Amino acid sequence: MTVGKDVSALFPDVVNCMQTDNLELKKLVYLYLMNYAKSQPDMAIMAVNTFVKDCEDPNPLIRALAVRTMGCIRVDKITEYLCEPLRKCLKDEDPYVRKTAAVCVAKLHDINPSLVEDQGFLDQLKDLLSDSNPMVVANAVAALSEINEASSSGLPLIEMNAQTINKLLTALNECTEWGQVFILDSLSNYNPKDEREAQSICERVTPRLAHANAAVVLSAVKVLMKFMEMMPADSDFVTTLTKKLAPPLVTLLSSEPEVQYVALRNINLIVQKRPDILKHEMKVFFVKYNDPIYVKLEKLDIMIRLASQANIAQVLAELKE
């Protein structure tokens, strides 16, 4: 596998190694199965009993490894055998197994959507939104979001209410950066019932603006921009929030060109809606000699949008340069 050689002929011998108690060897065997099960679907059935057995292993790492691998083996014949072990893993006592099983539901939905719905896995995923572990909550949100995008119905799977929102905000502080992105994106689909609730959510999301990951920062900005719409434009809270939004956006412009470009595309939309946020930051959009052309064009577009009587001399000097 490592040098691109086809070693599918070794399938029966490798499957026999699945019974090993050595975790490292088991990982290699499972990796082999992920790569070659699709080309050898009939022989992949031989591995099912070991998968089912490993899903009940005393070691949570092995249980998680088994359910993850079963989800990655895209063979229809194996899918039906996955249901029972997956159902158990979604209720496992170990959070690492539960969070792995949550992602596995999304993978299973990609292979067979009707099976996921018939077996009640969507309801189990929704139950995981109330889990005590923030990583399990984050993975459940990620899985439901992915299933929602692939679904033809278009109906949101996550029922957004005050109780769910509170659980998501609690998990937000303790999960990984990508978990935070999924949670923030879900929060942006919520419509607060009043100005007070919108303000409360904004206060709990604002600390994400200081995150090192650009995706988390931009997702937080998206939530704040949406909820600010529910508040009076001249309120003290909106004025304070507007001041807090500028520094993280400016910081993103010191990243590598690819991240800069994504940030600039987002900033372009933001200044169309709220030019006040960056009206004092014109200098950060000045073009550098070594900027790629796609970054230069975005910067020029934003400069034109931010141009006003107060800074027009600066803009003209930069354009002349």
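How are helices H14 and H16 oriented to each other: roughly parallel or roughly antiparallel? The model is predicted, so that local features need pLDDT of at least 70 and side-chain atom pairs count only at pLDDT 80 or more, while totals for chains, interfaces and linings use all residues. Residues are numbered from 1 along each chain as its sequence is written, and side-chain values use heavy atoms, without hydrogens and water.

Helix H14 (residues 214-228) and helix H16 (residues 257-273) pack at about 10°, with 11 Å between their axes; helices here are DSSP runs of H or I with at least four residues, numbered from the N terminus. Axes are lines fitted to C-alpha atoms over the stretch in contact, and angles run from 0 to 180 degrees between N-to-C directions. H14 and H16 are therefore roughly parallel to each other, a term for angles under 35 degrees, whereas roughly antiparallel applies over 145. Ala214, Leu218, Val221 and Met225 of H14 meet Val259, Val262, Asn266, Ile270 and Lys273 of H16, contact being heavy atoms within 4.5 Å.

Helix H15 (residues 236-252) has buried residues that include Phe237, Leu241, Leu245 and Leu249. Buried means under 20% relative accessible area, exposed over 50% and partly exposed in between, with a 1.4 Å probe and protein chains only. The buried residues of H15 pack against helix H13 (195-205), H14 and H16.

H14 also faces another part of the chain. Serine 219, in H14, is buried at 7% relative accessible area and, leaving aside neighbours within four places in sequence, is in contact with Val181, Leu184 and Asp185. Aspartate 185 also meets lysine 222 in a salt bridge (3.3 Å, N to O), defined as a side-chain nitrogen of Lys or Arg within 4 Å of a carboxyl oxygen of Asp or Glu. Because aspartate 185 lies in helix H12 (residues 177-187) and lysine 222 in H14, the pair ties together parts that are 37 residues apart in sequence. Aspartate 185 is partly exposed at 27% relative accessibility, as is lysine 222 at 41%.

The structure holds 12 salt bridges. Within helix H2 (residues 23-36), lysine 27 and glutamate 24 lie 3 residues apart, about one turn of the helix, and their side chains form a salt bridge (3.9 Å, N to O). Arginine 87 and glutamate 84 form another (3.0 Å, N to O), and they too are 3 residues apart, in helix H6 (residues 76-90). Glu229, Lys273 and Arg274 are linked in a network of salt bridges.

Conventions
Helix = DSSP H or I, 4+ residues; strand = E, 2+ residues; numbered from the N terminus. Parallel < 35°, antiparallel > 145°, perpendicular 65-115°, else oblique.
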